[in-house]
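I opened the notebook to record what I looked up in this structure, entry by entry.

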Amino acid sequence: MMSKKLKSLISFFLAAIWISISEFTRNEFLLKSYWVSHYTGMGLVFPDEPMNGAMWGVWALVFSVLIYIIAVKFTLAETTFLSWFFGFVLMWLVIGNLGVLPFVILYAAVPISLLEAFIASLIIFKVNPK
């Protein structure tokens, strides 16, 4: 039988892998043209160097740990909503305030990010049940 610590580690690493795949798919295949166009319109180059990708990997890991911490105290639905709010809504507020968020992407990003948070939460709940 696996220890609680090992289940915890596996759950948030699996969630981080899911989050990374979801983020990459959304931002590289579905929405990249919006990002590039928005940055070009500001006279900037969209940051897509390997170091940026690595930092998104770090973000995915931190986000999965946040989901794990929330999941300890809350239901699946509550965990999904709280983690989505803390992971995405706060990020969009900040990058929107900085003027680097192409608001048109939110039509796709909101439902996809909700699904991302739900599946990551579900992974944690399934691998590491309370």
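Predicted model: local features only at pLDDT ≥ 70, side-chain atom pairs only at ≥ 80, totals over all residues.

Residues are numbered from 1 along each chain as its sequence is written, and side-chain values use heavy atoms, with hydrogens and water left out.

**Overall fold**

I looked up the secondary structure, where helices (H or I, at least four residues) and strands (E, at least two) are DSSP runs numbered from the N terminus. The protein has five helices and zero strands, and the order from the N terminus on is α-α-α-α-α. The radius of gyration is 16 Å, close to the 14 Å that the globule rule gives for 130 residues, so the protein is as compact as a globular protein of that length. I took that radius over C-alpha atoms, and the globule rule is 2.2 Å times the number of residues to the power 0.38. Along the principal axes, the C-alpha atoms fill a box of roughly 55 × 30 × 20 Å.

I then checked contacts, meaning heavy atoms within 4.5 Å. Of the contacts with a separation of 6 or more, 81% are between residues 24 or more positions apart.

**Aromatic rings**

How many aromatic pairs does the structure hold? I found 15 of them, where rings of Phe, Tyr and Trp (its six-membered ring) pair if their centres lie within 6.5 Å, and planes under 30 degrees apart count as stacked, over 60 as edge-to-face and the rest as tilted. The pair of Phe 63 and Phe 88 is edge-to-face, because the ring centres are 5.5 Å apart and the planes stand at 90°. This pair links distant parts of the chain, with Phe 63 in helix H3 (residues 50-73) and Phe 88 in helix H4 (residues 76-97), 25 residues apart. Phe 63 is buried at 3% relative accessibility, and Phe 88 is buried at 0%.

I also looked at Phe 85 and Phe 86, whose ring centres are 5.9 Å apart with planes at 75°, so this pair is edge-to-face. Phe 85 is partly exposed at 31% relative accessibility, and Phe 86 is partly exposed at 41%. Ring pairs join these residues into a cluster, whose members include Phe 63, Phe 85, Phe 86, Phe 88, Trp 59 and Trp 92.

**Glu 116**

Is Glu 116 buried or exposed? I found Glu 116 in helix H5 (residues 106-127), and at 0% relative accessibility it counts as buried. Leaving out residues up to four places away in sequence, Glu 116 touches Trp 18, Ile 19, Ser 22, Glu 23, Arg 26, Trp 59, Phe 63 and Phe 88.

**Pro 47**

My last entry concerns Pro 47, which sits in the loop between helix H2 (32-41) and H3. Pro 47 is partly exposed, with a relative accessible area of 32%. Residues up to four places away in sequence aside, Pro 47 touches Tyr 39 and Asn 52. I also noted that the C-alpha atoms of Pro 47 and Ser 11, 36 residues apart along the chain, are separated by 30 Å.

Note on methods: Buried < 20%, exposed > 50% of the residue type's maximum accessible area, 1.4 Å probe, protein only.
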